Amino acid sequence: MSDEVRGWLSPKAVAAEAGVSQEFDLSQCVREPIHLLGGVQSYGALVAVRRHDAVVDTVSRNTGEVLGRAAGELVGRPVTELIGDEQWALARESTEAVEPGEGAPDGPAASGVLSLSLEPGDGRVRPFDVTVHRVAELLVLEFEPRGADGPFVFQNFYPRVRRALHRLQGATGVTECCAAAVREVQALTGYDRVVAYRFDGPDGPGQVIAEVRDEGREPWLGLWFPASDIPPQARRLYACNWIRVIGDVDDATVGLLPERREGTGEPLDLSGSILRTVSGYHLEYLRNIGVASSMSVSLLHDGELWGLIACHGDEPRRLTPEVRAACEFFGIALSLQLAAVAEREQADELSGYRRALATLLARLSSQAPDALMRPGSGVAELLDADGAVLVRGAEVVATGGPLPAGLPGLLERLAGTGPTGEVPVGQVWSSDRVPEVLGLEPADAEAQGVPAGLLFLPFNRDGDLLAWWRRELPAPREWAADPARPVRTGPGGERLTPRGSAAVYRAIVRGRSAPWSPAQRVVAGELWREMSGLLNRRMAELAAQNTELARTNEDLDSFAHAAAHDLKEPLRGISNAAAFIVEDAGAALDATSLRRLTTVRRLAERMDGLLDSLLHFSRLGQVGLERAELSLDEVVDDALLVAGGRLAEQGVTVVRPAPLPRVRADRERLREVLENLFVNAAKYAADEGSGERRVWVEAVLVAEPGGEDGREVTAVVVRDNGIGIPPDRHEDVLQLFRRLHRRDERGGGSGVGLAVVKRIVERHGGRLWLESPVAAPDGDRGPGGGGPGTAVWFTLGASDIP
């Protein structure tokens with residue numbers, strides 16, 4: 001027995017289990033074809049007739065005792081020889097509106113009840129209640145000798161049913177409905193114990209939720225029963241028949257003639273039969289708890305078996321068709337009432353969730369759908385979940401409790417393909433027992449960080465989704481048998497049954513969360529539709545903005561290129577005209593005029609330089625990049641061929657503390673970036689006498705911008721110990737034509753260098769940022785100190801390192 005299951009057995013139960021030598025093979029029950037057992041209960045007789053020619057196909061072997069005609073005399077003969085033409089016509093008419101059943105039909109089998117009389121030839125007329133139903137091409141007639149109560153009369157049983165239904169309609173909850181139902185069924189039938197039994201899922205165990213019992217019987221209310229008590233094929237039959245009656249567990253089963261039908265090679269299908277015998281295993285089940293007779297009434301919801309009303313009698317008990325019809329009708333009414341109660345409860349629950357959803361959506365901005373996952377948004381609380389997570393591409397945003405370690409991998413596994421196939425976009429997938437779905441033990445699921453409950457909706461087939469998760473909620477249960485060993489053998493035979501409250505096993509059910517209700521699934525779908533609309537609108541807006549931005553940038557680049565190119569020609573004319581005037585009339589000009597003409601030439605030349613810079617800047621946005629694998633050290637050497645003289649003039653030394661890595665970049669553009677940074681370092685070197693002037697070039701691993709998975713990329717940093725840049729000017733110096741000093745200070749310039757650097761870096765998909773003041777490597781500013789210093793950092797995009 002597992003650690004989660006601890007049993008307390010009565011001395012009587014312990015004695016009964018003593019001497020057990022062998023476990024019963026439960027698979028025998030599961031494999032047994034209980035609808036093809038080939039027998040009926042002996043108190044009635046069965047006659048199956050071919051509808052097209054009224055010839056008897058199959059009969060029970062006791063027709064001689066019950067009907068006065070031997071079985072061998074009936075098979076192959078017209079049924080009208082037994083019941084006459086008029087009564088055969090009545091039998092056919094009683095099922096004309098009923099679709100034939102084959103094997104296990106989709107819903108409960110329908111049948112008609114007739115009062116027929118037979119004259120076997122001894123001069124006596126024998127009255128029978130006959131239940132008629134169809135199986136494929138056959139009409140099956142089941143004859144029960146009529147008792148002293150007289151023939152079946154609708155008016156006799158209707159008042160009793162109407163009173164029972166009236167009491168049932170006053171119940172408001174599921175438990176209250178079932179409690180009223182068991183009382184009414186006991187009053188209708190007289191059984192000693194009547195219980196309402198609810199299944200935990202289609203294949204799960206069941207629990208007694210309502211009970212009425214005669215004095216002296218131990219209570220079963222609240223007890224759970226192993227799923228093996230009612231195997232799958234029995235559940236299918238319960239879903240096909242509203243009612244099943246066993247008059248006497250010790251009844252001698254009567255076989256059929258022939259035993260197997262010609263053509264099929266199998267016994268007659270008795271799925272819809274009232275007289276059908278039951279499995280010997282089930283009869284042993286009943287004997288082991290002292291039951292002599294029983295009846296079960298099916299409770300269905302949306303065509304699925306929801307539960308049962310189970311009745312047990314201490315003595316053999318035959319129910320008349322009138323009482324059976326009342327119980328069947330009552331089962332149908334109770335199923336409808338339970339469905340109405342469930343729908344009312346779901347409607348009330350859904351109304352509350354929709355109000356909460358409306359409040360949540362009101363707080364969301366149409367421009368910011370990610371606000372759904374902000375702390376305090378209420379999305380996790382919307383479905384009473386422990387947390388929620390939104391997956392969009394590589395981004396995983398969570399809210400609520402700490403994200404379980406195994407949840408991202410689980411979502412990736414389930415988003416494209418669920419356990420039973422693909423989960424369509426926008427369809428809710430949920431489970432309150434995820435470890436069971438994955439085939440994991442609860443302890444293993446806990447160790448792997450797999451939540452017990454999960455509900456999610458795929459946004460698309462790319463893996464984007466919205467999900468809610470719940471922690472495990474261990475649930476105590478009291479079992480009427482050890483759930484780890486539901487079947488044992490002993491002196492009383494195979495124990496295919498719970499032992500009742502004298503042998504209660506207390507167990508903790510693990511690996512499950514609180515269940516997801518239908519209302520929660522509905523409101524999750526509604527949120528998905530709202531979010532999908534919001535995201536689609538946002539994506540459309542972004543696409544439109546990007547298109548407009550691309551057009552604007554293209555127009556600006558074209559304008560800058562055209563303006564720079566077209567303005568150069570008149571500038572050259574202005575400069576040349578001023579030069580010719582000075583050359584031709586220089587001696588005749590006064591000093592003021594000569595000075596003014598010289599200023600015109602100088603301004604024209606300056607304007608020409610600015611236009612060259614603007615033309616170069618605009619071309620950077622139009623010329624494609626030629627990425628290749630490069631040695632960063634070699635590119636630094638190329639840049640120093642151009643900028644080295646300027647650095648030498650200012651007495652600046654370039655330091656490379658370590659070999660630089662290889663990168664993927666456009667060689668010419670990267671060289672231009674380093675040239676500009678080296679020239680800037682020379683321009684803004686520390687003042688004379690402040691110490692040795694240096695520039696350090698390094699490559700450093702930094703966190704990827706916006707990354708949440710710890711991924712790092714390589715950044716190149718060029719830092720100096722120059723005069724530095726005030727922090728409030730960092731953004732300014734990256735703009736076109738912006739300088740820290742006047743045009744003629746610090747070596748002059750147009751203020752284009754850092755703007756060019758920024759544009760080249762962004763064309764590579766990287767980013768650029770400044771740091772100032774900054775310490776030199778290892779905190780060393782070099783001999784003689786230096787200025788506050790500036791560090792320019794840049795990356796070259798996700799593919800910078802091969």
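Predicted model: local features only at pLDDT ≥ 70, side-chain atom pairs only at ≥ 80, totals over all residues.
Visitor: Which residue of S6 is the bridge partner of Val113?

Guide: Thr131 is the partner of Val113 in S6.

Visitor: How should I read the sheet as a whole?

Guide: Strands of a sheet pair through backbone hydrogen bonds, either parallel or antiparallel. In this structure seven strands make up an open sheet, ordered S2-S12-S4-S3-S7-S6-S5, with antiparallel pairing. Strand S2 (39-40) and strand S5 (112-118) are the edge strands, each pairing on one side only.

Visitor: Which strands does helix H5 lie across?

Guide: Helix H5, residues 80-93, lies across strand S3 (45-50), S5, S6 and strand S7 (138-145). Its direction is at about 115° to S7.

Visitor: How do I read a pair of aromatic rings?

Guide: A pair of aromatic rings is described by the distance of the centres and the angle of the planes. The structure holds six aromatic pairs. In one of them, Phe128 and Phe143, the ring centres are 5.9 Å apart and the planes stand at 90°, so the pair is edge-to-face. Phe128 belongs to strand S6 and Phe143 to strand S7, so the pair ties together parts 15 residues apart in sequence.

Visitor: What is the geometry of the pair Tyr197 and Phe225?

Guide: That pair is tilted, with 5.2 Å centre to centre and 55° between the planes. Tyr197 sits in strand S8 (residues 193-199) and Phe225 in strand S10 (residues 224-225), so far as sequence goes 28 residues apart. Both Tyr197 and Phe225 are buried. Tyr197, Phe199, Trp220 and Phe225 form one aromatic cluster.

Visitor: And how is the packing of two helices read?

Guide: Two packed helices are described by the angle between their axes and the distance between the axes. Helix H7 (residues 174-189) packs with helix H10 (residues 321-362) at an angle of about 175°, the axes being 10 Å apart. Angles over 145 degrees count as roughly antiparallel, and H7 and H10 are therefore roughly antiparallel to each other.

Visitor: Which residues make the contact?

Guide: On H7 they include Val174, Cys177 and Leu188; on H10 they include Val323, Phe330 and Glu345. By class, the contact of H7 with H10 has 13 nonpolar, two polar and two charged residues.

Key:
Residues numbered from 1 in each chain as written. Heavy atoms only, no water. Axes fitted to C-alpha atoms, helices over the stretch in contact; angles between N-to-C directions. Helix = DSSP H or I, 4+ residues; strand = E, 2+ residues; numbered from the N terminus. Parallel < 35°, antiparallel > 145°, perpendicular 65-115°, else oblique. Contact = heavy atoms within 4.5 Å. Nonpolar A, V, L, I, M, F, W, Y, C, P; charged D, E, K, R; others polar. Pairing = 2+ DSSP bridges. Phe/Tyr/Trp six-rings, centres within 6.5 Å; stacked < 30°, edge-to-face > 60°. Buried < 20%, exposed > 50% of the residue type's maximum accessible area, 1.4 Å probe, protein only.
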